[in-house]
Amino acid sequence: MQGKIIKGIAGFYYVYIEEVGAIYECKAKGVFRNKKIKPLVGDNCLVDIVDEENLKGNITEILERKNSLIRPAFANIDQAMVIFAVIQPDINYNLLDRFLVYMDYQDVDTVVVFNKVDIATKEEIDELESIYNKCGCRLIWVSTYDKTGVDEVLECLKGKTTVLAGPSGVGKSSLTNLILPEEVNATGEVSKIGRGRHTTRHSEIFNVSPNTYIADTPGFTSLNPPDIEKEELRFYFEEFKEHEGNCRFNGCVHVNEPDCSVKKALADGQISKRRYQSYIEIFDELKNKKKY
């Protein structure tokens, strides 16, 4: 039977077989270790059922992967959805921008969800809009309190496997609760605290509807930039692209060079100062990174 690995813990892999609507506890055959293949959450696989009554089986084959992410470690991801709060907590721009760079580096489309619009002012929302409206990602504005924007999130997820990510305290778990079907929330497959709120302690995939999955991740507070040269970073900031090739010097990295088209656009307000600041911060980190 064919299924999808939705969770891996201590050498056991939990495989959801959509055809029968059941989750099987499986072990991976030794051949994977011999070939140095590590099954990933999100892998599509073939399973031999060894105990139908107790839902146990063996993974016999990992099917060809569409992609495999380094961090978070998932396979066959169609898009990433990163959740940040407009306020409470204050947005960590550098962390968000690092995430956008990291997903672009892994060639994964990203959707940015800004939560807590119900307690934010119009000025605060407009400021975020002005910073990220040219970042190359779809922006969705939501409130998990009054469910503003949740339908748009569900529409965006439909028919795709989406990795959800975001720092702690931004409402990612609350949004996940609204996305997951009631029957999933009601089972022990979802950890709960307090008044039944979903929390994440490990990477896991949930089936939302036919052919629709969300890959939930633990909250993160830091993210190293991808392993790229500092000269390559400019290609991961969408706002810079229309100005590439217009600088005085070929290979301009838009930092200290004269007659830089990107810095001119920055001065003219065409590029967000906040986004450019993140660019400089990440650029300096890559520049100062020790080479081994």
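This is a predicted model: local features need pLDDT of at least 70, side-chain atom pairs count only at pLDDT 80 or more; totals for chains, interfaces and linings use all residues.
I'll start with helix H8. H8 runs over residues 273-288, which is 16 residues. From its first C-alpha to its last, the helix reaches 22 Å, close to the 22 Å expected at 1.5 Å a residue. At the N-terminal end there is a cap from serine 272, with a side-chain oxygen 3.1 Å from the backbone nitrogen of arginine 274.

Which residues of H8 are buried? They are Arg274, Arg275, Tyr276, Ser278, Tyr279, Ile282, Phe283 and Leu286. The cover over these buried residues includes helix H2, residues 93-105, helix H3, residues 122-132, and helix H7, residues 261-267.

Let me take H2 from that list. Two packed helices are described by the angle between their axes and the distance between the axes. For H2 and H8, the angle is about 70 degrees and the axes are 9 Å apart. An angle of 65 to 115 degrees counts as roughly perpendicular, so H2 and H8 are roughly perpendicular to each other. On the H2 side, the contact is made by Tyr93, Asn94, Asp97, Arg98 and Leu100. On the H8 side, the residues are Arg274, Arg275, Ser278, Glu281, Ile282 and Glu285. By class, this contact has 3 nonpolar, 2 polar and 6 charged residues.

The second pair is H4, residues 150-157, with H5, residues 172-179. Here the angle is about 70 degrees, and the axes are 11 Å apart. H4 and H5 are therefore roughly perpendicular to each other. Val150, Val153, Leu154 and Leu157 from H4 meet Leu175, Leu178 and Ile179 from H5. What classes of residue make up the contact of H4 with H5? There are 7 nonpolar residues, no polar ones and no charged ones.

Now the two buried residues. Histidine 254 sits in the loop between strand E13, residues 212-216, and H7. Histidine 254 counts as buried because its relative accessibility is 0%. Its side chain makes a polar contact with the side chain of glutamate 244, at 2.8 Å. Leaving out residues up to four places away in sequence, histidine 254 touches Arg234, Phe240, Glu244, Cys247, Cys260, Val262, Lys263, Tyr276 and Tyr279.

Threonine 110 is in strand E7, residues 109-115. Its relative accessible area is 9%, so threonine 110 is buried. The threonine 110 side chain reaches the backbone oxygen of valine 108 at 3.5 Å.

Last, the backbone. The peptide bond from glutamine 88 to proline 89 is cis, with omega near 5 degrees. Proline 89 lies in the loop between strand E6, residues 79-85, and H2.

Two residues other than glycine have a positive phi to mention. Leucine 55 has phi near 55 degrees, and its place is the loop between strands E4, residues 44-51, and E5, residues 56-62. At 29% relative accessibility, leucine 55 counts as partly exposed. For lysine 147, phi is about 70 degrees, and this residue is in the loop between strand E8, residues 138-141, and H4. Lysine 147 has a relative accessible area of 55%, so lysine 147 is exposed.

Note on methods: Residues are numbered from 1 along each chain as its sequence is written. Side-chain values use heavy atoms; hydrogens and water are left out. Helices (H or I, at least four residues) and strands (E, at least two) are DSSP runs, numbered from the N terminus. The expected span of a helix is 1.5 Å times one less than its number of residues. Buried means under 20% relative accessible area, exposed over 50%, partly exposed in between (1.4 Å probe, protein chains only). Contact means heavy atoms within 4.5 Å. A polar contact is a pair of N or O atoms within 3.5 Å; within protein, one must be able to donate a hydrogen and the other to accept it, and residues adjacent in sequence count only if both atoms are side-chain atoms. Axes are lines fitted to C-alpha atoms, for helices over the stretch in contact, and angles run from 0 to 180 degrees between N-to-C directions. Angles under 35 degrees count as roughly parallel, over 145 as roughly antiparallel, 65 to 115 as roughly perpendicular and the rest as oblique. Ala, Val, Leu, Ile, Met, Phe, Trp, Tyr, Cys and Pro count as nonpolar, Asp, Glu, Lys and Arg as charged, and the others, Gly among them, as polar.
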